[in-house]
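Work through the exercises below with the model open beside you. Try each task before reading its solution.

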Amino acid sequence: MDKMKKYILDLVVRHITQPRPGYVLLQLTDPERPLPAMLPGQFVEVRVDGSPTTFLRRPISINFVDREANELWLLVHAVGDGTRALAQLQEGAVVNIVAPLGNGFTLPTTTSERYLLVGGGVGTAPLLYMGQELLSRGCRPVFLLGARSAQDLLQLELFRAIGDVYVTTEDGSEGERGFVTQHSLWADVDATQQWRICTCGPKPMMVAVSRLAREKGLPCEASLENLMACGLGACLCCVEDTTEGHVCVCKEGPVFNVEKLKW
Amino acid sequence: MENIDLGTNIGSLALKNPVMTASGTFGYGLEFADFVDLSRIGGIIVKGTTLEPRQGNAYPRMAETAQGMLNCVGLQNKGVDYFCEHIYPEVRKIDTAVLVNVSGNSPETYAECARRIAELEDIPAIELNISCPNVKQGGMAFGVTCEGAASVVKAVRAAYPKTLIVKLSPNVTSIADIARAVEAEGADAVSLINTLMGMAIDAEKRRPILSIGTGGLSGPAVKPVALRMVWQVYDAVKIPIVGLGGIMNATDAVEFMLAGATAVEIGTANFIDPAVTVKVVEGIADYLQRHGMTSVRELIGAAHLDR
């Protein structure tokens, strides 16, 4: 998949909305041509203009691709100067991106495969596009989404439009109380029904999910977000220690089969 | 702009234009083929290569800084034999000068690595890295004393007959002295600067950000230091200088040539704009035309009034 042609694109902000305080959804379009092919789990590198303290591009996962509207969606958590600058963009602004980067989640080859997509925090972002691609291939996805509290859950209505949604919150304000790995749904998830797990979120959550998947004998893929510079496999900064040694998350990942990781 | 000559020479190595890519910032070139026509770049200097494979340092290896970044990659590479067998057959097809950056942990390992690369017909030159700040043994240890630098260059010179460029460390008291020492041992050119040693601390966690504590600073933050060093080395040696350190655009590249560089390398800028190299080539041509010059070689050292 890393042979997909990459582009440097000037996209235009068609809509910018705030799904929750501290988060923005950027809906970007190319006014002149169709957006290039992009797969769920891949990411883009966004150049941040107008922030003197931001030097490098920011890697952001692909939240959704709306082919009909020719839109690329990026869900950004404004946590530092770079992402805060992105959150300040106005409609009509131009955003320079490099895309698509990295390798996505493994897509199904038959409609009998069942996918459980487990996300936490802003890590739920790439699972929306993954869910949509699964649905379009005849696999209705099951989402298990975790957050601290009900007010931290993102895009729930969009997930519900694509698949079955289960929720955990640490304070019990929505869904079951606890972590995603404690949800009662797991009792019904086993190897007999060809379940596959895809996870994205905070590392401790992904480690716990991958252990649970291993106990149940289920294949599991996790999307990593190591600190990156180039996004192209050139600088060797974002390496993860794997069974094959240090590999670049940007080029060999960001999605890895967890059996390759030393978790 | 057909009447503008962008060609420049580093010893016997003729480059179609003075813009090369800095080692460790452009992979093997192929990673950037979707963004730029690689044949339009003057030269591609591929990743630091060592005799034996190296895993490099632990993650995290990078910290963003004001107008720059720190890295402590630590020469991760699959070793020279892997390069010769698996990567060389691909990069030799690129229609530009492809150079290998060579590193080691003793004069003997540097020389042996260089000897194996000398056998590769389509690699016309090497850049000897005596200035990596991120490895415990070798690397910068050789580049910070005249004796250390001379010992490595002497060993490699005996083993390597083609164009030998020696990459200098800025983490020294007098870079001019080091440049003279490597010139005396037969280096064909020097390139400068490698990264400046620095560090970053996470105030919240009260710990260094980089896994080994310190790292090498690159990007526009180091440009004035690099420019000054090229200026000083130009006055100290007769061999050509390859200038690098924070070049982001054609104006930066022209400044390095005016300070004394015969060619330049673009490094960290490739991370911000993967197509920057060709833009710099075009921008230099524009500059020459605007100033009524016909050859890029007219720029070399032209800011030195006393010459």
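The exercises below concern a predicted model.

**Exercise 1. A strand in chain B**

Task: Find out how many residues of strand S7 (residues 97-102) of chain B are buried, and what that says about the strand.

Solution: 
- Step 1. Start with the cut-off: a residue is buried if 20 or more other C-beta atoms lie within 10 Å of its own.
- Step 2. Take one side of S7(B). Ala97(B), Leu99(B) and Asn101(B) are buried there.
- Step 3. Turn to the other side. Val98(B), Val100(B) and Val102(B) are buried too. Both faces are covered.
- Step 4. Conclude. Of the 6 residues of S7(B), 6 are buried, so the strand is largely enclosed by the rest of the structure.

**Exercise 2. The partners of that strand**

Task: Describe how S7(B) pairs with strand S4 (residues 43-49) of chain B and with strand S8 (residues 125-129) of chain B.

Solution: 
- Step 1. Look at S4(B). It pairs with S7(B) in the parallel sense, over 6 bridges. Within this pairing, Gly43(B) stands opposite Ala97(B).
- Step 2. Look at S8(B). It runs parallel to S7(B), and 3 bridges join the two. Asn101(B) has Glu127(B) as its bridge partner in S8(B).
- Step 3. Together, S7(B), H2(B) and S8(B) form a right-handed β-α-β unit.

**Exercise 3. A sheet in chain A**

Task: Give the strand order of the open sheet of 7 strands in chain A, and say which strands stand at its edges.

Solution: 
- Step 1. Read off the order: S11-S10-S9-S8-S12-S13-S16, with mixed pairing.
- Step 2. Go to the ends. Strand S11 (176-177) and S16 of chain A each have a single partner strand, so one side of each is left without a neighbour in the sheet.
- Step 3. Pick one pair inside the order. Strand S12 (residues 195-200) and strand S13 (residues 220-223) of chain A run parallel and are joined by 4 bridges. Ile197(A) has Cys220(A) as its bridge partner in S13(A).

**Exercise 4. Domains and chains in contact**

Task: Describe the contact between domain 1 and domain 2 of chain A, then the contact between the two chains.

Solution: 
- Step 1. The domain assignment of chain A gives domain 1 (7-101), domain 2 (114-223) and domain 3 (224-263).
- Step 2. The C-alpha centres of domain 1 and domain 2 of chain A lie 24 Å apart.
- Step 3. Count the contact residues. Domain 1 of chain A gives 12 and domain 2 of chain A gives 13.
- Step 4. Describe the domain 1 side. Strand S1 (7-20), strand S5 (64-66) and strand S6 (71-77) of chain A each give two or more residues to it. By class, this side has 7 nonpolar, 4 polar and 1 charged residues.
- Step 5. Move to the chains. Their contact takes 23 residues from chain A and 28 residues from chain B.
- Step 6. Describe the chain A side. Strand S14 (239-242) and strand S15 (245-248) of chain A each give two or more residues. This side has 13 nonpolar, 5 polar and 5 charged residues.

**Exercise 5. The nonpolar core**

Task: Which residues have the most contacts inside the largest nonpolar core?

Solution: 
- Step 1. In soluble globular proteins, nonpolar side chains tend to be buried together.
- Step 2. Name the residues. They are Ile126(B), Leu128(B), Val190(B), Val230(B) and Val264(B), in a core of 189 residues.
- Step 3. Find the main contributor. Helix H6 (residues 223-236) of chain B gives the largest share, 7 residues.
- Step 4. Follow Val230(B). Leaving out residues up to four places away in sequence, it touches several residues, including Leu192(B), Ile241(B) and Phe256(B).

Key:
Residues are numbered from 1 along each chain as its sequence is written. Chains are lettered from A and ligands numbered from 1 in the order in which they are written. This is a predicted model: local features need pLDDT of at least 70, side-chain atom pairs count only at pLDDT 80 or more; totals for chains, interfaces and linings use all residues. A residue is buried if 20 or more other C-beta atoms lie within 10 Å of its own, exposed if 12 or fewer, and partly exposed in between; C-beta atoms are placed from the backbone. Two strands pair if DSSP finds at least two bridges between them. A crossover is right-handed if, with the strands pointing away from the viewer, the path from the first strand over the helix to the second runs clockwise. Domain bounds come from an automatic or database domain assignment. Two residues are in contact if their C-beta atoms, placed from the backbone, lie within 7 Å. Ala, Val, Leu, Ile, Met, Phe, Trp, Tyr, Cys and Pro count as nonpolar, Asp, Glu, Lys and Arg as charged, and the others, Gly among them, as polar. A nonpolar core is a set of buried Ala, Val, Leu, Ile, Met, Phe, Trp, Tyr and Cys residues joined through C-beta atoms within 7 Å.
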